[in-house]
Amino acid sequence: MKKYLYRKELESFEPGIPEKSIKEVKKELNLQEIIRLNSNENTIGPSPKAVEAIKKELININFYPDGLSNEVRIKLSEIYNISAENIIVSNGADNIIVLIGQAFLNRDEEVIIGDPSFPVYEAITKLLGAKMVKVPLKEYKFDLDSIYGNITAKTKLVVICNPNNPTGTILTKEELEKFVNKVPKDIIIVLDEAYCDFVTNSKYPNGLEYVKKNKNVIVVRTFSKILGLAGVRIGCAIAPKSLVNYLYIVLEPFPVNRLAQVGVAAALNDVEYYKNVLGNNEKGKEYLYNELNKMNLFYVSTEANFIFIKTKIDSDDLYERLLRKGILVAPGSIWGYPKFIRVTIGKPNENKKFIGILGEILDE
Ligand SMILES: *Cc1c(COP(=O)(O)O)cnc(C)c1O
């Protein structure tokens, strides 16, 4: 048998071609600025309190950080009303997803997820030699009946992204609760709630309730989106102790840097910032809905800080043309939706610029 240098599981991946940095793209296209509406970052900027705390902490970066992010966990335990022992903090929710794979997935086991949804789950599943089972969304929503129907003896994880990225749709409390209660006990439900703070629909469930009832549920959250800290990388999981303890086994010794820890601790106290972010999102959503309606474009009603828009023309083509005018969006081709784009809700001037340029392109 031929011996390869790389692990066998890497065969199903494309060789890694590094993406160009925004700085390089700017130079290449001769653009003054690029409006980033492609990654659902917080366009308002970080919390001033977080920035201040991070500046103060800079002098200590010669010391390792607290490996367990205790200050952040204690703060979160108060906010979430759950023991700090149920919480694990790591280097972004992306890393939490990797830890979940490392702790729970055996080779040849199956992971079920809706399609389209967040791609990081598939990457770690394939890397570990497990199998991804993708169940098409129904009317842009997770189809829990169909997901249930796809459960086999090999199923280990079911991933539910609520609100879903890229569609922005939610499952209601009634829908999710029924599902959580009937899934076999040897399966773990991963509830990715990266956008939970943006939800306005009162039927939205709080995944922490299932953790408090000791269900086999791991809730994944991030501080990248709502708290505007994507650049320092910090996220967390909340789960029953029987599950979280295994995540701790695979956690690196010092996964979260000092700046991220003090940044989150400070931003969690900044109620004004939080309100400002949500206010901007609601205003931006309303503006974009209005303009898209006027342009006769279909979009999926969103409960998050982005909108999945059907654009009449090819999404890769539109992506390129928007980029040449300084606007970065996510093309639907990433998820096999070549007529859609996913656009982050930006600040008023950013939304206006996006709509203006989109209109120009579609009129051409
Ligand atoms: C952005 C995002 C994440 C990752 O967040 P980080 O903490 O920045 O790694 C996880 N899940 C979903 C659905 C996301 O959209």
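Which residue has a polar backbone atom 2.9 Å from an oxygen atom of the ligand?

Guide: The residue is D94, whose polar backbone atom is 2.9 Å from an oxygen atom of the ligand. The model is predicted, so local features need pLDDT of at least 70 and side-chain atom pairs count only at pLDDT 80 or more, while totals for chains, interfaces and linings use all residues. Residues are numbered from 1 along each chain as its sequence is written, and side-chain values use heavy atoms, with hydrogens and water left out.

Side chains also reach oxygen atoms of the ligand: a polar atom of N165 lies 2.9 Å from one, and a polar atom of R233 lies 2.7 Å from one. The protein covers 95% of the 390 Å² of accessible area that the ligand has on its own (Shrake-Rupley method, 1.4 Å probe; for residues, only the protein chains shown count as cover). The ligand is surrounded by 13 residues, and the closest are A93, Y195, T222, S224 and K225; a residue is near a molecule or strand if one of its heavy atoms lies within 4 Å of it. A polar contact is a pair of N or O atoms within 3.5 Å; within protein, one must be able to donate a hydrogen and the other to accept it, and residues adjacent in sequence count only if both atoms are side-chain atoms.

A93 belongs to this closest group, and helix 4 (93–104) is one of the elements against which the buried residues of helix 9 pack. The others are strand 2 (87–90), strand 6 (188–192), strand 7 (217–222) and strand 8 (235–238). Helices (H or I, at least four residues) and strands (E, at least two) are DSSP runs, numbered from the N terminus, and contact means heavy atoms within 4.5 Å. Helix 9 covers residues 241–250, and its buried residues are L243, V244 and L247. Seen down the helix axis, they fall within an arc of 95°, so they line one face of helix 9; the arc is that of the directions from the axis to the C-beta atoms. Buried means under 20% relative accessible area, exposed over 50%, and partly exposed in between (1.4 Å probe, protein chains only).

Strand 13 (residues 340–344) has 5 of its 5 residues buried, so it is largely enclosed by the rest of the structure. F340, R342 and T344 point one way from strand 13, and I341 and V343 the other way. In a regular strand the side chains alternate between the two faces of the sheet. Strand 13 pairs with strand 10 (residues 306–310) in the antiparallel sense over 5 bridges, and F308 stands opposite R342. Strand 12 (residues 330–331) also runs antiparallel to strand 13, joined by 2 bridges, and here R342 is the bridge partner of A330. Two strands pair if DSSP finds at least two bridges between them.

Some backbone geometry remains. The peptide bond from D115 to P116 is cis, with omega near 5°, and P116 sits in the loop between strand 3 (110–115) and helix 5 (120–127). N162 and P163 are likewise joined by a cis bond, with omega about -5°. K312, in the loop between strand 10 and helix 12 (315–324), has a positive phi near 75°. Most residues other than glycine have a negative phi, and most peptide bonds are trans.
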